[in-house]
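How does a protein chain fold up on itself? Take a look at the model below, and then we will walk through it.

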Amino acid sequence: YTPSKAEVEAHYPLHLEFRSWCPHCRAGKGISLQHRYNSEVDESHLGTTWSMDYCFMSPEDIEEDMHAILICYDHSKMGMWAIAVDRKGADENLVKWVVDKMDECGYSGVTVTLKSDQEPAMMSLKKAIAVRRKAETPLIESPVRESKSNGKIERAIRKWQGQFRTLRHHLEARIGSKMSNDSVIIEWLIVWVADIISKYAIHPNGRTSYEMYTQHACKHKVMGFGEKVQFQYKVQASERDPLGN
């Protein structure tokens, strides 16, 4: 990644935040941020890698009591997506959702390796995605009983769960009531949490995942989840009809 002139000027001369593209940061701070070789590194994959796994709203949740959540994570640009699923496996709408997300990120026609564990439902979903995509899509699976062999998706899930619990607690404190797990609002929150992580969490290179996909920052004004916003839309003169309405 090559930083812009503005990013370089903002970073020098203080070097307050670690930047992966800065040789001085790597020399001075990189030793505490180094990534040692481990079993999750796989040199056999092609193109970028997307990891996928099912999880629940918190590690303590019981599978029989609620719907699973599919988490997708892009290794190269650290983007994250989440969606609640009615059932695990190769659901047609879910397959389309994943492929559409890849296309939105610029991976249409690009080789993407799909990585997961060996759960039959997940392997079925990956195969369906590979068939639907119009590009090479290698499939790789982590060894059985080695959950740490795909540490990136494990960390992504923990990050998503922590952010989800935080925003849910804030929402419930604001309204003074507990939200049901099958509430439409909760389903919306599941998607929103991953969305804001991709759009607003800044990575060591100084950019968000959204910036790396689109080449521009997300400048939308953001409100608290579930917050009521009152506004008045003012009609511009150019929008009025000939009678002034």
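Predicted model: local features only at pLDDT ≥ 70, side-chain atom pairs only at ≥ 80, totals over all residues.

Residues are numbered from 1 along each chain as its sequence is written, and side-chain values use heavy atoms, with hydrogens and water left out.

Start with the whole chain. It has seven helices and five strands. Both are DSSP runs numbered from the N terminus: helices are H or I with at least four residues, strands are E with at least two. Along the sequence, the order is α-α-β-β-β-α-β-α-β-α-α-α. The protein chain has 245 residues, and 40% of them are buried. Buried means under 20% relative accessible area, exposed means over 50%, and partly exposed lies in between (1.4 Å probe, protein chains only). The accessible surface comes to about 15,300 Å², with 53% belonging to carbon and sulfur atoms. These areas come from the Shrake-Rupley method with a 1.4 Å probe; for residues, only the protein chains shown count as cover.

Now consider contacts, meaning heavy atoms within 4.5 Å. Take those between residues at least 6 apart in sequence: 61% join residues at least 24 apart.

Next, find helix 3, residues 92-104. How far apart are its end C-alpha atoms? They are 18 Å apart, which agrees with the 18 Å that its 13 residues should span at 1.5 Å a residue. The expected span is 1.5 Å times one less than the number of residues. At the start of helix 3, a side-chain oxygen of Asp91 comes to within 3.1 Å of the backbone nitrogen of Asn93. After the helix comes Gly106, with a positive phi near 90°.

Which residues of helix 3 are buried? They are Leu94, Val95, Trp97, Val98, Val99, Lys101 and Met102. An α-helix has 3.6 residues a turn, so residues three or four places apart point the same way. The cover over the buried residues of helix 3 includes strands 1 to 4 and helix 4.

What about the cores? A nonpolar core is a set of buried Ala, Val, Leu, Ile, Met, Phe, Trp, Tyr and Cys residues joined through side-chain atoms within 4.5 Å. The largest has 25 residues, and Met52, Leu70, Leu125 and Ile129 touch the most other members. Helix 3 gives the most to this core, six residues. Leu125 has contacts beyond four places in sequence with Met52, Tyr54, Leu70, Gly89, Ala90, Leu94 and Val95. A second, separate core has 23 residues, including Ile69, Ala156, Phe164 and Ile190.

Look next at Met80, in strand 3. Met80 is buried, because its relative accessible area is 3%. Beyond four places in sequence, its contacts are Ile71, Cys72, Ala156, Trp160, Ala194, Ile197 and Ser198. Met80 and Tyr210 are 130 residues apart in sequence, yet 9.9 Å apart in space, C-alpha to C-alpha.

Finish with two backbone angles. Met78 is not a glycine, but its phi is positive, near 60°. Met78 sits in the loop between strand 2 and strand 3. Its relative accessibility is 23%, so Met78 counts as partly exposed. Gln215 also has a positive phi, about 70°, without being a glycine. Gln215 lies in the segment after helix 7. Its relative accessibility is 56%, so Gln215 counts as exposed.

Definitions and conventions: Polar contact = N/O pair within 3.5 Å; in protein donor to acceptor, adjacent residues only side chain to side chain.
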